[in-house]
Structures are given as structure tokens and as C-alpha cells.
Amino acid sequence: MNAIDVVIVGAGIIGCSTAYELSKLGLNIEVIEKHEPGAMGSGWTLAGVRQSGRHDAEIPLAKYSVKVWSDLNDILDCETNYKQEGNLRLARNNYEDKIIKKLVEEQQKKGLEIEYLNNSKDIQEICPSLSSKIFSASYCPTDGHADPIDTLRAYEKAAKKNGVIFSNNEEVLKISSKKNKINSITTTKRKIYPKYCILANGIFCNKILESVEKKIPLEIPIVTVIQTEITSKILKPVIGVANASLAMRQENNGCFRISSGFQECTGNLKLKNGMPYVETTLNEIQNTISQSIDIIPELKNSSLKSFWGGLIDLTPDALPVIDNVIECEGLIIACGFSGHGFGIAPAVSNIISELVLNKKTKLPIDSFSLNRFQNYIFSKKEKSDLTLHG
Ligand SMILES: Cc1cc2nc3c(=O)[nH]c(=O)nc-3n(C[C@H](O)[C@H](O)[C@H](O)COP(=O)(O)OP(=O)(O)OC[C@H]3O[C@@H](n4cnc5c(N)ncnc54)[C@H](O)[C@@H]3O)c2cc1C
């Protein structure tokens, strides 16, 4: 037997932020990570911190998170490189313009600070490097971006200061329950008997949920990411496009990080230097580059530094599961962030700490229940994707 109260499976942004949040409760916490912190979604990410363009159910979480992000460096006593430099979502034609207009109307009704810019002059005032061919845009000045690895390190460091143990290169294999309560966790190295287990292991959640006969319907598409060499500072806001086929931001060091839209993943997850890696295609890289240059013409002079594929834990409604597993008391799921979990991590970790304390959460979580998929019929395609990636 050991004295660990909480095991957190996975050291991505959700696992690390939750570790920090729970460490304030005086519990004994251990984070168990199969590789290294940030090995998957939270390392592959674009790391935009946005409220705009989110589903209604996520807006309260995003608003809460933005307040936390503003103070996060001080809270964690460490640099996250968070910058509140806005988010511009662009329309490149008449069709996309209609999407942007509707989005702005709907999100203004939800109380979000977002405006519709109907000409390239107003857009270029905010971001001079953008092409004059852009039709219109939504602009949310309180959105922003952060450095994903700096943020993970900051959470990890603050959690460690509060006594959290991080065990890397160890895989959680299964959970077993007794009388509808969590009993033990088996890893590649040992067996642990915690009171709580927080499942924050992204695309691999179903591998563990299987042991308690639960399953989240997930598709695992791929997003292609390219990174340029250091370029002069020409972009402050995060850029998205109406049809979600591209997003980009300029990192603190001057490199551009640019991501494509979702594609069906036909490759395998491999290991490269001990870290998970998924291959993308020249076609997707080319498509991402050419869309980027259309938006910011100056990018044609940049050199390509790096590229990678990122896998997404996409649920049928593109909303996460943040919930207790009723049939296994002590097991809490925080997975299925569907390609937008980075920005809302502060809210998610706050929710999880309230679930651990058995409190009613201050933020609304009904839309994130596991039970909403109770009668979901897994199609053949989704089954094969799950076999491939998780
Ligand atoms: C290309 C791309 C762009 C994105 N852009 C944005 C954006 O702009 N804004 C935004 O908000 N979100 C964005 N996202 C989504 C966001 O990055 C993710 O939702 C978030 O990082 C997921 O964090 P996580 O902690 O849930 O999962 P992960 O970061 O995937 O962490 C899960 C961890 O669990 C570990 N693990 C898995 N199985 C086990 C096991 N059995 N035992 C132990 N450890 C295990 C893995 O190694 C991994 O480190 C993007 C994602 C991608 C891929």
C-alpha cells in the first residue's frame, strides 16, 4: 500500500494544470506519464487561448480561463509567454463572410467582446502584414496565445513545489474497481491504490476506460503543423479562417507556428527519439504553406524549420468529457478536448478540483457528461480509427 491520494494519468496541459490545482488542497498527488510532459497534444498544439469561435457550452470556461491566464505567470511564479494579443478570424470570400457575420452576431449575444470588421483597411490596422485580399474578419481583442512547453513547465514546476510527484516513462495500463469504487491502478512498473484517478491521457483514454467498461466515441483526425525559422515580428493576434482550414500565430522567438484543418489520419503513431510522432504528407504541408502565403504574403520569404502531425481526440459533438464515472467512484475523466483544450485548461483544472471535493462546480458542466454518449452507435469508421490510434 502507499499513501498516494490522487493519480493523474498523463502530463499534458490538462494533467499538469490539474496537478497544480489539486496540490493546493494538500493531497498526495502523483502524475504518471507514458513519455515526457507535453509529448502529445500539448506539445503538438498551436496554443491559441481563445474564447471566440467556441461552442456556447465552452464559453464560460474560456472566459474564466482568460482571467486566470492574465495572472498565470504570477500565480505559478514562472513564465508562460502568454500574450493577450487578440484573435482575428478571416473571411477570404463571400461564403466565408456570411459565416463570420453570423459568428459575431451569435457570440455578441453570449456577451463576448467580439467585433465584425467588414473591410481590409480596418483589418490591416490591427494586423498590417495581412493581405489586402481579406474580405472581412471577426476580432476578439481579449483572446491570445501562450508558449505550450513553457506553460507545461510552469505548471509542473509549481506543482512540484507543492509536493506533486511526476513519474515519466511509465504507462498506466488499467484501473480496477471494487464495489463501484476505484481500487487499484496497474502501471508498467507497479500497482497503486489511490482514492482518485484523473484520466487526462488524451487520445488514449479509451484504452484505460475499457477496464471499467466505458468508452468515449472518438475519431482521431490529424492536423499538420509547420514551423518557420525566426522571422521579423509581423504578427500579434492569432489568425484563424472561417472554414477552419488554417490557424497561425507568431511565437515569442519569431518563428511562425501554422496548423492545417483536420484530415483523416491514415498513418500510424510511431516513436521518434522516444517521443510519439505521426507522419504528415507533402501535400498537406504544401497546402498549409500556400494558404499561409495567401494570408500573409511576406511569409513567402521565410524558411521552413520543422513540421509534424498532431492527433486530435475528437468527440461527435466536439465537446470534451469532464465528468465523474458514476460506476467507479473516484474516477474522473477529462478527455476528448477535440482540438481546443489548451486555452481552457485553467477552467478544467478548477472543475476537476471541485469534483474531487465533491462540490457542485461553479462552472456549468452538464454538456460535458459521459452519459450523453450512452446510446451512441459506434460506426465502422470510428472503430477503425480507434484501432489505429487509441
Ligand atoms: C495541431 C494542434 C493545434 C491545436 N491548437 C489549439 C489551440 O490553438 N488552442 C487550444 O485551446 N487547443 C488547441 N489544440 C488542442 C489542445 O492542444 C489539446 O486539446 C490539449 O493540449 C490536450 O491536452 P491533454 O492534456 O488533454 O492531452 P495531451 O496533451 O495529449 O496529454 C495526454 C498525455 O497522456 C499521456 N498518456 C497517454 N496514455 C497514457 C497512459 N496509459 N499512461 C500514462 N500516460 C499516458 C501522453 O503521453 C500525453 O503526454 C490543438 C491541438 C493540436 C494537435
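Modeller: Please keep in mind that this is a predicted model. The domain assignment divides the protein into domain 1, made of 6-47 + 149-217 + 316-389, and domain 2, made of 87-141 + 221-311.

Biologist: How many residues of domain 1 are in contact with domain 2?

Modeller: In general, the size of an interface is often given as the accessible area lost when the parts come together. Here we have a count of residues instead: 16 residues of domain 1 are in contact with 23 residues of domain 2, while the C-alpha centres of the two domains lie 28 Å apart.

Biologist: At what angle do the axes of helix H1 and helix H9 cross?

Modeller: The axes of H1 (residues 13-23) and H9 (residues 345-356) come within 8 Å and cross at roughly 50 degrees; the two helices are therefore oblique to each other, and their crossing is right-handed. On the H1 side the contact is made by Ile13, Ile14, Ser17, Thr18, Glu21 and Leu22, and on the H9 side by Ala345, Val348, Ser349, Asn350, Ile352, Ser353 and Val356. Seven of these contact residues are nonpolar, five are polar and one is charged.

Biologist: And which way do strands S17 and S18 run, parallel or antiparallel?

Modeller: Strand S17 (residues 269-272) and strand S18 (residues 275-278) run antiparallel and are joined by four bridges, with Leu271 having Pro276 of S18 as its bridge partner. Two residues lie between the strands of this hairpin, in which Asn273 takes a positive phi near 50 degrees.

Definitions and conventions: Residues numbered from 1 in each chain as written. Predicted model: local features only at pLDDT ≥ 70, side-chain atom pairs only at ≥ 80, totals over all residues. Heavy atoms only, no water. Axes fitted to C-alpha atoms, helices over the stretch in contact; angles between N-to-C directions. Parallel < 35°, antiparallel > 145°, perpendicular 65-115°, else oblique. Left-handed = near helix turned anticlockwise from the far one by under 90°. Contact = heavy atoms within 4.5 Å. Nonpolar A, V, L, I, M, F, W, Y, C, P; charged D, E, K, R; others polar. Pairing = 2+ DSSP bridges. Domains from an automatic or database assignment.
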